[in-house]
Amino acid sequence: MSTAIAFSEYGAPEVLRPSEVTPPEPGPGQVRIRVRAASVNPLDVKIRSGLMAAAIPARFPVVPGLDAAGVVDAVGEGAEAAVGDEVLGATVGGGYGEHALLEGPVAKPAALSWEVAASLVTVGRTASRVLAQLGVHEGRTLLVHGAAGSVGFLAVQLAVARGISVVGTVGEHDIERVTALGATAVRYGDGWAQRVKAAAPQGVDFVLDASGAGVLADSVALTGDSAHVITIADMSAAQHGVRFSSGGADQAGESLSELVRMATDGRLTLPIWRTYPLAEAARAHRDLEARRNRGKVVLLP
């Protein structure tokens, strides 16, 4: 048997409880890992609370966790990994446990920490995907709302590396951190649009909203075209003619292997705010819900 964190009803973080489960068996192309680190994502919180029940109906009990990293201890037919390999990837059936299944695992370089390896999958793919969907390229100006959050933080770095001028809205305490990435950071909140115009007198060509802070109408006005605005966080997107980007078949952008290479050689940084023992998953969710974190939250079985 193996220990996992699961919930059998929607609710507050306290519904997350340790459970004894049978270690899953890998299917074709899958591997099972002994988990060394599992990332906690905002989507985990939304699923647990029931906010995503209509879009992602639960089959209780649910083991949360979109991505994890660990050591392979079983392989399915056709899997591109061997027992003993250190890998990371997207989970099948949840990552909050001592064991997890990964689909399409990617090798973890020795120089990459377990915490970053587990955290890079969802946020890295999301940042890369939305930039590809926007079609923003060298010489243009991109506004990133929520530039200090994990997806925004990576999107800023990917854009700057491509010669794109980036303006990011952030809290006062994150201005220096985002400026250090090569972006122009401005304070979010009332008057943000005027501050962006002052920071980018040449105008804003594209907008990525990673904040969900009710900024879509003014973002469309800034660009003059709703097709140049995309959000990963505001469910009112359709009301503004804006695309809502979620995962799925359209995963254009850098491959996970390329993102791993960039993180390993220092071209991409992903701050880890705090790690928690697996048994403290509820506390990790509480901290994420309260937005205490300034970086990724990670569970360590």
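**View 1. Helix H2 meets helix H3.** Leu120, Val123, Gly124, Thr126, Ala127, Ser128 and Leu131 in H2 touch Ser150, Val151, Leu154, Ala155, Leu158 and Ala159 in H3, where contact means heavy atoms within 4.5 Å. This contact is made up of 9 nonpolar, 4 polar and no charged residues; Ala, Val, Leu, Ile, Met, Phe, Trp, Tyr, Cys and Pro count as nonpolar, Asp, Glu, Lys and Arg as charged, and the others, Gly among them, as polar. Please keep in mind that this is a predicted model: local features need pLDDT of at least 70, side-chain atom pairs count only at pLDDT 80 or more, and totals for chains, interfaces and linings use all residues. Residues are numbered from 1 along each chain as its sequence is written, and side-chain values use heavy atoms, with hydrogens and water left out.

**View 2. How H2 and H3 cross.** H2 spans residues 114-134 and H3 residues 150-161, and they pack at an angle of about 50 degrees with their axes 8 Å apart. Helices (H or I, at least four residues) and strands (E, at least two) are DSSP runs, numbered from the N terminus. Axes are lines fitted to C-alpha atoms, for helices over the stretch in contact, and angles run from 0 to 180 degrees between N-to-C directions. H2 and H3 are therefore oblique to each other: angles under 35 degrees count as roughly parallel, over 145 as roughly antiparallel, 65 to 115 as roughly perpendicular and the rest as oblique.

**View 3. Helices H5 and H6.** H5 (residues 192-199) and H6 (residues 216-223) pack at an angle of about 30 degrees, their axes being 11 Å apart. These two helices are therefore roughly parallel to each other, and their crossing is right-handed. Look for Trp192, Val196 and Lys197 in H5, which meet Asp218, Ser219 and Leu222 in H6. The residues of this contact divide into 3 nonpolar, 1 polar and 2 charged.

**View 4. The salt bridge of Lys108 and Glu86.** These two side chains meet in a salt bridge, N to O 3.8 Å; the term stands for a side-chain nitrogen of Lys or Arg within 4 Å of a carboxyl oxygen of Asp or Glu. Lys108 lies in the loop between strand S6 and H2, and Glu86 in strand S5, so the pair ties together parts that are 22 residues apart in sequence. Lys108 is buried, at 9% relative accessible area, while Glu86 is partly exposed at 34%. Buried means under 20% relative accessible area, exposed over 50%, and partly exposed in between (1.4 Å probe, protein chains only).

**View 5. The salt bridge of Arg294 and Asp174.** The closest N and O atoms of this pair are 2.8 Å apart. Arg294 sits in the loop between H8 and S14, and Asp174 in the loop between S8 and H4, linking parts of the chain 120 residues apart. Arg294 is partly exposed at 36%, but Asp174 is buried at 6%.

**View 6. Glu14 and its contacts.** Glu14 is in the loop between strands S1 and S2, and is partly exposed at 44% relative accessibility. Leaving out residues up to four places away in sequence, Glu14 touches Ala282 and Arg286.

Conventions:
A crossing is left-handed if the near helix is turned anticlockwise from the far one by less than a right angle, and right-handed if clockwise.
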